[in-house]
Amino acid sequence: MRLSRSTGWFLGCAVVAYGQHAGAQSVQGTVRDSALRHALGDFTVQLVDANDVVLVSALGRDDGRYFLRTSLPGEYRVRVRRIGYQRVESPALVLARDELRIVDIAVRQVPAVLDPMRATDARRCAALDDAGADVATIWEAARTALLNVSLADSGARLQMRVREFSRDVALPGRLVSNEHSVQRKGRSGRPYVSSTPDSIERLGFVQTREDGTYYLAPDANVLGSEGFVRTHCFSRAVAMPDADDVGVSFEPARGRRVPDIRGTVWLDRRSLELRRVVFQYTGIASPLRRPEIGGTVQ
């Protein structure tokens, strides 16, 4: 599924021989602002095949340069995402065996300020392609931020201190025992990791295993996945009149038969920086069907 198309300008394209890595086809180049012509950092670049499947993702360097490598020759496109800029895809390029293709890309800045939401009598939750330009813009910015988080996590091992809380609760919400907490320290890419996007798409966010039932929180990989887009519908969230936030609400698509989540992704209205995700579980057993069962990811 593709979000709204974006336009861009491609500064140059050249082909050079590349024989250092047998069987390695590569694309490299520089990403620039189309108006100011300076190199951009903090962008995500992806190599996409002819079936629109993302094969390789990477973070761009601070000096605007990027490098992507694939193991197979074939037809590909380069996709660039950056918050505050239109998403750009290069024309199709055919990589021959052991070829290095240089593709310099310019992206156009777009106004980040969105009009305040006007409340209506009913929200229309639709597939992302049909939800409107504002919804597509907000969700594209959110997915770009989430993808950056995933890529940064994959290469970083940070020293973390994590405190886990557990409590026993009896329906309809009365605390049975005192809360317990355990603190752990160590190096990790992320403080928590959900299940894989494929597993959640098939089994849902509540999964029963041999050692118990797990209520899974959405991490960056899940929320940014194509599977999440396929299995949910989207609408513009209603914020307070003087709020600095804009949001996209999501809920399971009609016909989804597994336990799932609904909620809202909130971003800064001017910068489109990702702020928080609020969610609640849906489709779970009736005794547990309470609105407070969910969570927040800051």
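## Interior of a predicted protein chain

The model contains 1 cavity of 30 Å³ or more. A cavity is a set of points, on a 1 Å grid over the protein atoms alone, where a 1.4 Å probe fits but cannot get out. Its volume is the space filled by probe spheres set on the points, which are joined across faces, edges and corners. The structure is a predicted model, in which local features need pLDDT of at least 70, side-chain atom pairs count only at pLDDT 80 or more, and totals for chains, interfaces and linings use all residues. Residues are numbered from 1 along each chain as its sequence is written, and side-chain values use heavy atoms, with hydrogens and water left out.

The protein chain has 4 helices and 20 strands; these are DSSP runs numbered from the N terminus, helices being H or I of at least four residues and strands E of at least two. Of its 298 residues, 39% count as buried, that is, under 20% relative accessible area with a 1.4 Å probe, protein chains only.

The largest cavity has a volume of about 50 Å³. Its lining residues, those with an atom within 4 Å of a point, include I200, V222, F228, H232 and R256. Helix 2 (197-203) and helix 4 each supply at least two residues of this lining, and the largest share, 3 residues, comes from helix 2. The table gives the lining by class.

| Class in the lining of the largest cavity | Count |
|---|---|
| Nonpolar (Ala, Val, Leu, Ile, Met, Phe, Trp, Tyr, Cys and Pro) | 4 residues |
| Polar (the others, Gly among them) | 4 residues |

A nonpolar core is a set of buried Ala, Val, Leu, Ile, Met, Phe, Trp, Tyr and Cys residues joined through side-chain atoms within 4.5 Å. The largest such core has 30 residues, and F205 and F228 are among those with the most contacts inside it. Helix 1 (133-155) and strand 18 (260-268) are among the elements that each supply at least two residues of this core. Helix 1 gives the most, with 6 residues.

Leaving aside neighbours within four places in sequence, F205 is in contact (heavy atoms within 4.5 Å) with residues including I200, V222, F228 and D260. D260 is found in strand 18 and counts as buried because its relative accessibility is 0%. The side chains of D260 and R256 are joined by a polar contact of 2.6 Å. Such a contact is a pair of N or O atoms within 3.5 Å; within protein, one must be able to donate a hydrogen and the other to accept it, and residues adjacent in sequence count only if both atoms are side-chain atoms.

Technical notes: Buried < 20%, exposed > 50% of the residue type's maximum accessible area, 1.4 Å probe, protein only. 1 Å grid on protein atoms, 1.4 Å probe; cavity = no way out; pocket = protein on both sides within 12 Å on 5 of 7 lines; lining within 4 Å.
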